[in-house]
Amino acid sequence: MRYRGEYAELVAASWLRAHGAKVLRRNFRYGNSGEVDIVCREADTLVFIEVKSTIHSEHGSPSRAVNRRKRRLLRRGARNWLRLLGYTVPIRFDIVEVFLRTDAAPTIIRRKAAFTLHEGATHV
């Protein structure tokens with residue numbers, strides 16, 4: 001399972017680069033803040049990305065696993081990144097779903113602005 005997650009993160013980072021994002025960091029962790037899978041920049045926006053993968057699509061969208069607790073951890077990680085940065089920039093939270101298959105290349109679905117920095121404004 002861990003190997004699958006690491007592989008999906010590599011696939012997602014490669015896909016993001018191929019689509020013009022500058023990947024700044026993978027697996028960002030600051031103290032006990034939780035982990036942000038990928039932090040990247042697109043134009044003037046800092047994007048915090050959670051990568052979710054699955055082998056079987058009949059179980060539904062992998063992004064369903066990004067529940068309230070997980071979003072809280074991602075927000076905490078983003079706040080720590082912004083605190084270290086020391087100035088304000090536009091941010092966004094995306095989820096990248098990686099569908100892994102044995103008979104074909106992985107399929108990527110990106111859910112831009114999947115949720116916001118404030119819990120009450122979540123889109124998921």
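Reader: Which residue caps the N-terminal end of H2?

Author: Some conventions come first. This is a predicted model, in which local features need pLDDT of at least 70, side-chain atom pairs count only at pLDDT 80 or more, and totals for chains, interfaces and linings use all residues. Residues are numbered from 1 along each chain as its sequence is written, and side-chain values use heavy atoms, with hydrogens and water left out. Helices (H or I, at least four residues) and strands (E, at least two) are DSSP runs, numbered from the N terminus. The cap of H2 is Asn67, which has a side-chain oxygen 3.2 Å from the backbone nitrogen of Arg69. Just after H2, Gly86 takes a positive phi of about 85 degrees.

Reader: Which residues of H2 are buried, and what do they pack against?

Author: Buried means under 20% relative accessible area, exposed means over 50%, and partly exposed lies in between (1.4 Å probe, protein chains only). The buried residues of H2 are Lys70, Arg71, Leu73, Leu74, Arg75, Gly77, Ala78, Asn80, Trp81 and Leu82. Contact means heavy atoms within 4.5 Å. The buried residues of H2 pack against E1, E2, E3, E4 and strand E5 (107-115).

Reader: What is the order of the strands in the sheet?

Author: Two strands pair if DSSP finds at least two bridges between them. Here an open sheet of 5 strands has the order E1-E2-E3-E4-E5, with mixed pairing. E1 and E5 stand at the edges with a single partner strand each, so one side of each has no neighbour in the sheet. From one strand to the next, the twist averages 30 degrees.

Reader: How do the helices lie on this sheet?

Author: Axes are lines fitted to C-alpha atoms, for helices over the stretch in contact, and angles run from 0 to 180 degrees between N-to-C directions. H1 packs on the sheet and touches E1, E2, E3, E4 and E5, its direction making about 155 degrees with that of E1. H2 lies across E1, E2, E3, E4 and E5, and runs at about 150 degrees to E3.

Reader: In which sense do E1 and E2 pair, and in which sense do E2 and E3?

Author: E1 and E2 pair in the antiparallel sense over 6 bridges, with Phe28 opposite Val36 in E2. They form a hairpin with 5 residues between them, and Gly31 in the turn has a positive phi of about 65 degrees. E2 and E3 also pair in the antiparallel sense, over 5 bridges, with Arg41 opposite Leu46 in E3. The bridge partner of Glu42 in E3 is Thr45. Because 6 of the 8 residues of E2 are buried, E2 is largely enclosed by the rest of the structure.

Reader: Which residue in the turn between E2 and E3 has a positive phi?

Author: Most residues other than glycine have a negative phi. Ala43, in the turn of this hairpin, has a positive phi of about 55 degrees. Ala43 is exposed, with a relative accessible area of 72%. Asn27 also has a positive phi, of about 55 degrees, although it is not a glycine. Asn27 is placed in strand E1 (residues 22-29) and is partly exposed, at 29% relative accessibility.

Reader: Is Glu97 buried or exposed, and with which side chain does it make a polar contact?

Author: A polar contact is a pair of N or O atoms within 3.5 Å; within protein, one must be able to donate a hydrogen and the other to accept it, and residues adjacent in sequence count only if both atoms are side-chain atoms. Glu97, in strand E4 (residues 91-99), is buried, with a relative accessible area of 0%. The side chain of Glu97 makes a polar contact with that of Arg111 (3.2 Å).

Reader: How many aromatic pairs does the whole structure hold?

Author: Rings of Phe, Tyr and Trp (its six-membered ring) pair if their centres lie within 6.5 Å; planes under 30 degrees apart count as stacked, over 60 as edge-to-face and the rest as tilted. A search of the whole structure finds 4 aromatic pairs. One of them, Tyr3 and Tyr7, is stacked, at 6.4 Å centre to centre and 15 degrees between the planes. Phe48, Phe93 and Phe115 form one aromatic cluster.
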